[in-house]
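The following note sets out points for a colleague who is reading the coordinates alongside the sequence. Each point may be checked against the model shown here.

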Amino acid sequence: MAPTKEGLSPMCGIVGLHLRDPGLYPQLGRLMVSMLDGVAERGPDSAGVAVYGDTRRVPEGHAAVSVLLPPDADTGGLDAVVTRAGDTTVVAAPTGLDELVARVTTAFPTALVVGTGHDLAVYKGTGHPGALAATYDLAGASGWQALAHTRMATESAVTPEGCHPFSVGPDQCLVHNGSFSNHATIRRELEHAGVRFDSENDSEVGARYVASRLAQGEDLEKALLALREVFDGFYTLLVTSAEGFAVVRDPIACKPAIVAETDAWVAMASEFRGLTGLPGIESARLYEPEPGRVYAWQR
Amino acid sequence: MAALGTETITVDLASGSVRALNAELHDPSAKLYEVRNPAGAHAVAAGIDRGITVDVRGHVGYYAAGMNDGGIVTIHGNAGTGVAENMMSGTVRVTGDVSQSAGATAHGGLLVIGGSASMRCGISMKGVDIVVGGSVGPMSAFMAQAGRMVVCGDAGDGLGDSIYEARLYVRGTVGALGADCVEKEVRDEHRSELAELLAAAGLEHDVAQFRRYGSARRLYHFHSEQAGAY
């Protein structure tokens with residue numbers, strides 16, 4: 001997917017939810033459905049979702065690989081917990097993560113892996129976000145953190161591969177509203193350092209950059225502070241990892257973002273409609289992230 | 001035109017559509033409206049063209065009370081991008097915070113924001129009066145052409161960048177001023193209009209605490225000595 005230059009029009013939606021109150025874990029999926037619905041109008045073409053801690057899909061002690069497979073792919077030989085959800089298949093097994101990735105990519109050499117980790121399931125597909133939530137059985141998901149992106153394609157084809165989030169490191173996800181203008185330069189530098197890319201997408205460069213910083217031992221906040229210094233362009237980013245949840249906007253901050261916090265949760269959305277279904281939203285602390293400032297929450 | 005009813009008409013957006021609400025407000029049967037459960041909907045109470053009163057209970061999305069021409073609209077909550085954008089006349093009040101581009105391109109009327117405004121408040125304002133009880137974000141009053149803006153808190157970087165003839169009053173701190181925006185002397189006529197604006201907004205502050213900012217007029221006048229550059 002080429003950079004999507006959406007200007008100031010309300011295109012593409014981001015939502016994310018980080019639960020502080022474990023009592024809400026069983027409701028994570030149901031809450032995400034309402035958030036996704038709130039930003040469906042911003043991106044009716046396709047939607048991607050990432051869920052952390054949904055033991056239906058990724059049982060305790062399992063590694064998980066999310067992969068785009070054709071509907072007729074035979075997953076019987078994988079010897080794993082396999083969940084088919086439209087274009088996405090989540091494969092989980094009580095093995096090492098590298099071993100499971102190797103098993104999946106050996107069985108399906110041309111398939112695109114869209115997420116890996118010990119806690120993470122990533123779903124991608126095309127169609128209306130409401131219909132995709134049903135395909136993913138999002139309402140039935142439990143967990144402690146999730147994020148989603150709805151896409152209104154402006155410059156490239158609507159495909160599952162073009163969906164956010166970009167998950168390029170273990171248990172890491174990035175969703176991006178906007179476009180990076182110097183991504184080609186940063187891509188070359190990362191490629192020189194040995195980083196491999198799946199697509200020509202500018203947002204993938206952001207995800208690979210963050211992953212490379214996290215791999216060097218930085219936390220989300222430090223990685224996004226570094227990103228802010230290096231990347232030029234329009235962006236509101238929501239980045240998640242096994243540790244937490246972070247938001248950053250470019251210094252001009254054309255792309256919208258609103259954060260809501262209560263004692264029970266932290267949520268971020270492109271606009272308030274994405275937050276209206278959250279418990280206690282009436283008394284939540286609501287604010288817009290300031291331009292160029294990194295906001296991070298640890299688990 | 002038939003006389004408007006004096007009873008308040010209540011519209012619940014949990015069950016009704018914004019389109020139906022706005023159609024009613026454009027051809028009103030009453031003077032007073034109350035809107036419930038806006039839930040962040042866009043374009044709530046946009047396009048009012050007469051002196052009706054609308055109270056919106058809850059947070060609204062983009063372009064609330066946009067193009068207002070004479071209406072008295074109060075949003076009891078927060079507002080998203082572009083509240084009261086291109087207002088012509090009337091009054092729009094927001095009790096909470098507003099997102100970016102509040103009062104963008106507005107030609108007249110009064111916009112009162114009880115909380116704070118984020119970036120680009122009053123961008124390209126063309127005659128509106130904007131009074132903000134809290135602070136405004138970066139690049140506020142960008143290319144402001146006419147009207148007055150009063151900020152009781154602080155203003156972010158780039159205030160008044162490329163400003164024409166609007167007058168800006170800020171009580172707190174101001175980040176880096178925008179191109180061609182300078183601090184100016186506060187004279188009696190300015191203290192007087194500032195007091196009027198604060199009173200209209202229902203805010204009480206000592207006018208002596210405000211500083212005035214406006215255009216240095218270096219940017220939009222063509223200097224003949226620069227002719228050689230063209």
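1. Domain bounds are taken from an automatic or database domain assignment. On that basis chain B is divided into domain 1 (1-79) and domain 2 (100-217). Taken over C-alpha atoms, the centres of domain 1 of chain B and domain 2 of chain B are separated by 27 Å.

2. This is a predicted model, in which local features need pLDDT of at least 70 and side-chain atom pairs count only at pLDDT 80 or more, while totals for chains, interfaces and linings use all residues. Residues are numbered from 1 along each chain as its sequence is written, and chains are lettered from A and ligands numbered from 1 in the order in which they are written.

3. At the interface, twelve residues of chain B are in contact with ten residues of chain A (contact: C-beta atoms, placed from the backbone, within 7 Å). The side of chain B that touches chain A has four nonpolar, eight polar and no charged residues. Here Ala, Val, Leu, Ile, Met, Phe, Trp, Tyr, Cys and Pro count as nonpolar, Asp, Glu, Lys and Arg as charged, and the others, Gly among them, as polar.

4. Chain A has an open, antiparallel sheet of seven strands in the order β7-β2-β8-β1-β13-β12-β14. Strands (E, at least two residues) and helices (H or I, at least four) are DSSP runs numbered from the N terminus; two strands pair if DSSP finds at least two bridges between them. β7 (120-126) and β14 (285-287) of chain A each have a single partner strand, so one side of each lacks a neighbour in the sheet. The twist averages 10° from one strand to the next, with axes fitted as lines to C-alpha atoms, for helices over the stretch in contact, and angles between N-to-C directions running from 0 to 180 degrees.

5. Within this sheet, β1 (residues 13-19) and β8 (residues 145-151) of chain A are antiparallel partners over six bridges, and A:L17 has A:A146 as its bridge partner in β8(A). Helix α1 (residues 28-38) of chain A packs on the sheet and touches β1, β2 (46-52), β8 and β13 (265-269) of chain A. The direction of the helix makes about 155° with that of β1(A).

6. β2(A) pairs with β7(A) over seven bridges in the antiparallel sense, and A:G48 stands opposite A:K124.

7. The largest nonpolar core has 88 residues, of which A:M32, A:L36, A:V49, A:V91 and A:A146 touch the most other members. Such a core is a set of buried Ala, Val, Leu, Ile, Met, Phe, Trp, Tyr and Cys residues joined through C-beta atoms within 7 Å. A second, separate core of 71 residues includes B:L21, B:A64, B:A84 and B:C152.

8. A:H164 and A:P165 are joined by a cis peptide bond with omega of about 5°; A:P165 lies in the loop between β8 and β9 (173-180) of chain A.

How values were computed: Two residues are in contact if their C-beta atoms, placed from the backbone, lie within 7 Å. A residue is buried if 20 or more other C-beta atoms lie within 10 Å of its own, exposed if 12 or fewer, and partly exposed in between; C-beta atoms are placed from the backbone.
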